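Here are my notes on the model you sent.

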Amino acid sequence: MENKKSRINGINLIGVLVDQYDGKDCSGRMVHQYSEEEFPFQTLMEMMGKMEHQYDDWDYPEAALETRTFIKHRKENSTQGKWVVRTRLPQIAMNQTARDISGARGKFATFQVLVRMRQNATWQGSVYWVDQDKIIDFRSALEFARFIDSALYEMV
């Protein structure tokens, strides 16, 4: 589904700043609203893996196929089995002012991604193609990857 809008918003918005595209794969940086740090990626698959890792760190959107726990998580490398408290993204968003990432741009293309759900072992959400002022809804990570790849190919 395609709509013309000015942007998308959400507490888990990630900016995908594509700096290079060779007709087959892309590289660039990812940014989000709660860190000044840029997260580089060398391939589309690496970028998606880093996004998934970020969602896991935030525990948001919550993965539907993961064992549910309430607040506490066992340290994986702890021999004493200590419990640690993981701060979920809604708590981070309430306690930290989100920075505006709408001005962040890639050298080749810019996308803003909002994953609303992680169900059925994949993602559902929207991607805003900043350069073309288009919002596309996706029902799977594969659909998301196909859109990014076709959008980049269209720009060559």
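**Notes on the fold and its core**

1. The chain holds three helices and nine strands. From the N terminus on, the order is β-β-β-β-α-β-β-α-β-β-β-α. Keep in mind that this is a predicted model.

2. On confidence: the mean pLDDT of the chain is 87, and 83% of its residues reach 70 or more. Residues 1-5 need caution, as their pLDDT is below 50. Beyond near neighbours in sequence, that stretch has 14 contacts in the model.

3. Some totals for the chain. It has 156 residues, and 43% of them count as buried. Its accessible surface comes to about 9300 Å². Carbon and sulfur atoms account for 49% of that surface. Take the contacts between residues at least 6 apart in sequence: 55% of these join residues at least 24 apart.

4. Next, helix H3, residues 141-155.

5. Which residues of H3 are buried? They are Ala141, Phe144, Ala145, Phe147, Ile148, Ala151 and Leu152. Seen down the helix axis, these buried residues fall within an arc of 160°, so they line one face of H3. On the other side, Leu142, Arg146, Tyr153 and Glu154 are exposed.

6. What covers the buried residues of H3? The cover includes helix H1 (44-58). It also includes strands E2 (14-21), E3 (26-32), E7 (109-117), E8 (124-129) and E9 (134-138).

7. In soluble globular proteins, nonpolar side chains tend to be buried together. Here, the largest nonpolar core has 33 residues. Met51, Phe111 and Phe144 have the most contacts inside this core. H3 gives the most to the core, with seven residues.

8. Phe111 deserves a look in the viewer. Leaving aside residues up to four places away in sequence, Phe111 touches Ile14, Gly15, Val16 and Val18, among others. Its contacts also include Val127, Tyr128 and Trp129. From H3, Phe111 meets Phe147, Ile148, Ala151 and Leu152, which are among the buried residues of that helix.

Methods. Residues are numbered from 1 along each chain as its sequence is written. This is a predicted model: local features need pLDDT of at least 70, side-chain atom pairs count only at pLDDT 80 or more; totals for chains, interfaces and linings use all residues. Side-chain values use heavy atoms; hydrogens and water are left out. Helices (H or I, at least four residues) and strands (E, at least two) are DSSP runs, numbered from the N terminus. The expected span of a helix is 1.5 Å times one less than its number of residues. Buried means under 20% relative accessible area, exposed over 50%, partly exposed in between (1.4 Å probe, protein chains only). The arc is that of the directions from the helix axis to the C-beta atoms. Contact means heavy atoms within 4.5 Å. Accessible areas come from the Shrake-Rupley method with a 1.4 Å probe; for residues, only the protein chains shown count as cover. pLDDT is the predictor's confidence in each residue, from 0 to 100. A nonpolar core is a set of buried Ala, Val, Leu, Ile, Met, Phe, Trp, Tyr and Cys residues joined through side-chain atoms within 4.5 Å.
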